[in-house]
Amino acid sequence: MISIHMIAFVFGFVLDLAFGDPHYPFHPIALIGRLIGFLEKLLYPKKRSEKREFLSGIVLFFLVIIITLGITALILGFFHKLSILAGILAEAIMTWQCLAMKSLKTESMKVYNAFEKGGIEEARKAVSMIVGRDTEKLDEEGIIKAAVETVAENSSDGVIAPMLFLIIFGAMGGIFYKAVNTMDSMIGYKNDRYLYFGRFAARVDDILNYLPSRLTALLLIAASLFADEEADAKRAFMIWKRDRRNHASPNSAQGEAAVAGALGIRLAGDAYYFGKLYHKPYIGDETRAIEREDIARANRLMYSASFLCFFLCLLIHYLIVLMTFIIILIMV
């Protein structure tokens, strides 16, 4: 089964590289999102209290995980029973749908292209599709920063983290990770409605991303050695060490700090969310003014880090195989 996971992993990675994340009504992540929305309406307490909201959020979390993994197991079991090839194909398609490397580049580069085609208004519309902050009043610098930050942060939860879960645990692991990550993105906000209701999901997401986010930063630093002539690996490492905690989340600043340091730009700072101003520390030094080309540079760093992770995942797979073989020999 380990070899099947590896073959499916490679095939799924290639599919994402070639076609990007497919958009259709029955995409697993879209279905998970609908399930979360349905359960939220069902479980969110009418008589609000911190305890009720927190406990309801825990119930939602486990229902989403049980239903999602149960359906995933049934689908994989059905195709594996048909044939080895059908099983590999099913896992490869699920792997493909857990990754967002090409789609992250495509969506962020829409911001870059919007500046050229439609000016700042079109760029605001494009960036509003990929960020959670308010974008109506962003100037050109703010739009570019938002796009670069999105690429940097999502290098972890959109690419590197799911790759690690997929190579270690197969498609079930990838779907599990995406289910938790989707819950965090939908109910993990620290606002009046979700502060307690989404707290459990947000904490689990923080735990799952703790190591992947830091590995992502290290891979981005390594990528700055060759991905772009403007990138500086030494500066990336220095800024990462200094600014990697400059975010309310323990994980979000990891990739942003590495990219900010690599490109010599300053990211983060104050931002509006749902009409409210949030004061946030800066990440990186303003060695030079940020420019549109930094969106493309951030994507080159993300792609290079993703390929480094791909080869690391193959190494992890063969180490797992070797360890399994050694354990079997010892037991025999």
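Tutor: Start with burial: buried means under 20% relative accessible area, exposed means over 50%, and partly exposed is in between, using a 1.4 Å probe and protein chains only. Helices (H or I, at least four residues) and strands (E, at least two) are DSSP runs, numbered from the N terminus. Keep in mind that this is a predicted model, where local features need pLDDT of at least 70, side-chain atom pairs count only at pLDDT 80 or more, and totals for chains, interfaces and linings use all residues. Residues are numbered from 1 along each chain as its sequence is written, and side-chain values use heavy atoms, with hydrogens and water left out.

Student: Which residues of α10 are buried?
Tutor: The buried ones include Ser-252, Gln-254, Glu-256 and Leu-263.

Student: What do the buried residues of α10 pack against?
Tutor: Contact means heavy atoms within 4.5 Å. The partners of α10's buried residues are α7, α8, α9, β1 (267-268), β4 and α11.

Student: How many salt bridges does a search of the whole structure find?
Tutor: A salt bridge is a side-chain nitrogen of Lys or Arg within 4 Å of a carboxyl oxygen of Asp or Glu. The search turns up 19 of them.

Student: How far apart are the closest N and O atoms of Glu-140 and Arg-292?
Tutor: They're 2.9 Å apart, in a salt bridge. That pair links distant parts of the chain, 152 residues apart: Glu-140 sits in helix α7 (residues 140-187), and Arg-292 in the loop between β4 (282-283) and α11 (293-331). Glu-140 is partly exposed at 32%, and Arg-292 is partly exposed at 26%.

Student: Are Asp-228 and Arg-297 buried or exposed?
Tutor: Both are buried. Their salt bridge has its closest N and O atoms 3.9 Å apart. Asp-228 and Arg-297 also belong to a network of salt bridges whose members include Arg-288, Glu-291 and Arg-300.

Student: What about Asp-285 and Arg-242?
Tutor: Their side chains meet in a salt bridge at 2.8 Å, N to O. Asp-285 lies in the loop between β4 and α11 and Arg-242 in helix α9, so the pair ties together parts 43 residues apart in sequence.
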